[in-house]
Amino acid sequence: MLFACVLALVTVTSFAYADEEPVACTIELSPEFLVGPGDVTVTITISNTTDKDLQDPVVLFSPQAEVISDFGDNGSVTLKAGESKTWTGTYSVNERELDQGYIQYFAKYTTYQESGQATPRSQSIRATVSRTEAEVAIDVDRTITPPSAHEGQEVQVKYTITNAGTVPLTDVTITEHKDINSKSQTIPQLDPGAKVDITYKATMGKKDLTSSAEITYKAQGSTKKETHSVEEKTIPYAEADLTATLSSNVKGVVSGGTINLKLELKNKGSVDLSDLRVTDPLLGDVFTNQKIEAGKTLTLEKELTLTETSQYQFTITAIDSTGTEITAASNALSVTAMDPDEALNLTLTATPDRTEVYDEPAGVRFTLTVTNNSRVDATDVKISHGTVELYTFKSIPAGESRTMSRDTVLSTSGKFQFTAVAKDPLENENTFLSNEMQIAVYQPTPVPATPTPAPEPTPEPVFVPVTVVPIHHDSIGTLPKAIQKVLLPVLIVAGVLLLAGAALLLVAAKKRHDAKKASAAAYDHLERARRRDYVTANPDELAATSKETLARNSQLQEEPEPEVVLNTGDDWDLPPFEAEPLQQTDVQDTEGYSSFGQGFYGEVDASGFEPAEAPADQNAFYAYDDLDADAAAYQPQPGYEQQDVAEQPSYGYEQPDAQLQAEYPQWEPQGFEDPQGFEYPQDNGEYMPTYDEFGSDSAAPAQQQEAAQPKTKGKGLFRRDR
């Protein structure tokens, strides 16, 4: 732990001291790789990094701790603030230094603290050197000056040969092209990293020169010859030929107008021109820093405001690729500045005969008036619209006008404008525009055509088979599969139940049909009517019933009947009413509804209406269902003491006929009398009086009445007293 703290303290101190180091040293070796012990070139630079001069000199020592005498003044140098000193020398690297991988120089100097105490300092200058395998390599650079030359000009070709390998080269020989020099030059030895310059000179004639080289060499200790070739390069014969042409877009303008000057330069020579400059005595520098390649053309333009008549001539100077300056001059150009009163001025006024066209074709007549408002004549005045030339006036004298008309068929709406071009006294073409005209063209509404569409055949249906993915497919999710597992059994059970219910329904329907058929075939059944009327009696039925009753009574006078006591007023509460004459009532169609007499019978025969046995309560009422008139027995309905009768009294009674009373004295009423004054007969044992709620009053033997009237279905309440 203590060692780590000391090491950290030393490191921090070293860094702090390095930051305050006033001297910086750098070193470079060439080459940095050696096959074995050998010489290297060493370059060392020592600098004063402070803003103060060093008080004492810096001394440079070799790796053998010897003062390098050729560094500064006998091996020492005093550096001022920011000053540096460089030393270059040769050092022979031995086997030990090559194995350790570096060589090390030293620089010694003195530093002073703030107290003035001097402290001697020593700084190592280390360079890395590595051992490598033997490598033979050479680099060659060629420089030709100038790239092209005029006749009689000297051309210089320089070669720089560098040993880029790790072994020394011997017998390095270079041979140039005969156009430059036919003699060879030889370098006895070239160490690794060493460079050598070889220069050739030649004089340019009237044709191009060719430069190329072939270099041969051998590695030290080897007899094998290596060859390096430098490609051919042409040194062109420089011939300068520059021409310049100056022109203007107009011969002259009104004073204060603008003109465009155009300079066209053609380099017809074989050399490029650079640093091209154009000047004029009136304008000074017109163009600068231009260049033009050999065989090319350069065009330069300059816009000027002309205030007076002037003459221009440009001078061109340039430097060719040989460094030779060439000069050329353009032609002279005169430009006239006219008096504004002498300028040509035309006015164009265009008028259409309509601004909206609804016709087909859309025809419009334009009228154009051209007026010369200047003091000079206008010649060759060309009138046009767009790119279509319409007419040419040979001359329009000053102050005069010319008019023309033009019929035109328009195809679309838009703006229309005429143009006039005329020459002024300087033969310059001037353009004048008329006013703009907006014409609207409306296409007439075409008559709608309703052609009969061709019938389109109905395409045949295309049946596309539908592929249903099975439920067990991998694309089906877990939830649908789970639902199928639950709903499929439920669906099967529901289907079975549905089939069973349908079967039961069919059986029940069959039984019901058979029961209805048996009921219809039975003797005693109800006549179906549309409705039942329990209040109003049917006169026809009353008359028929009365006649049948009289007939039966005449036949059954001598047959004794069991005593039947008609229930008296103790059990019936008939409301009072006023007698009204019997009237014919509307008889409705009673088909489909039950129709029965609703009479009270003291005795019924054994044909189906007689109870199986007498009820326990003699005063109990019996009820029978209208759906089954053939029931063998009727059960008493407990709790019923009396029968509810209609509150509305019957209006079908009349006074007893005197003849009938004489023939049938037993019909003399002996019972109670009703509010109308009628008396009801008591049963004498021979006849049974019958009273229905519809108002019919008759007496007949029970056997004859049953035989005469068919049995009907319906609901009725009977009470029998014995």
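Q: Which residue of strand 35 stands opposite Ala420?
A: This is a predicted model, where local features need pLDDT of at least 70, side-chain atom pairs count only at pLDDT 80 or more, and totals for chains, interfaces and linings use all residues. Residues are numbered from 1 along each chain as its sequence is written, and side-chain values use heavy atoms, leaving out hydrogens and water. Strands are DSSP runs of E with at least two residues, numbered from the N terminus, and two of them pair if DSSP finds at least two bridges between them. Strand 34 and strand 35 (residues 429–433) pair antiparallel over five bridges, and the residue opposite Ala420 is Phe432.

Q: What is the phi of Glu427 in the turn between strand 34 and strand 35?
A: These two strands form a hairpin, with five residues between them. Glu427 sits in that turn, and its phi is positive, at about 65°.

Q: How many bridges join strand 30 to strand 34?
A: Strand 30 covers residues 378–385 and strand 34 covers residues 419–423, and they run antiparallel. Thr379 stands opposite Lys423 in strand 34. The number of bridges joining the two strands is four.

Q: Is Ile483 buried, partly exposed or exposed, and at what relative accessible area?
A: Ile483 is found in helix 3 (residues 478–521); helices are DSSP runs of H or I with at least four residues. Buried means under 20% relative accessible area, exposed over 50% and partly exposed in between (1.4 Å probe, protein chains only). Ile483 is therefore partly exposed, at 40%.
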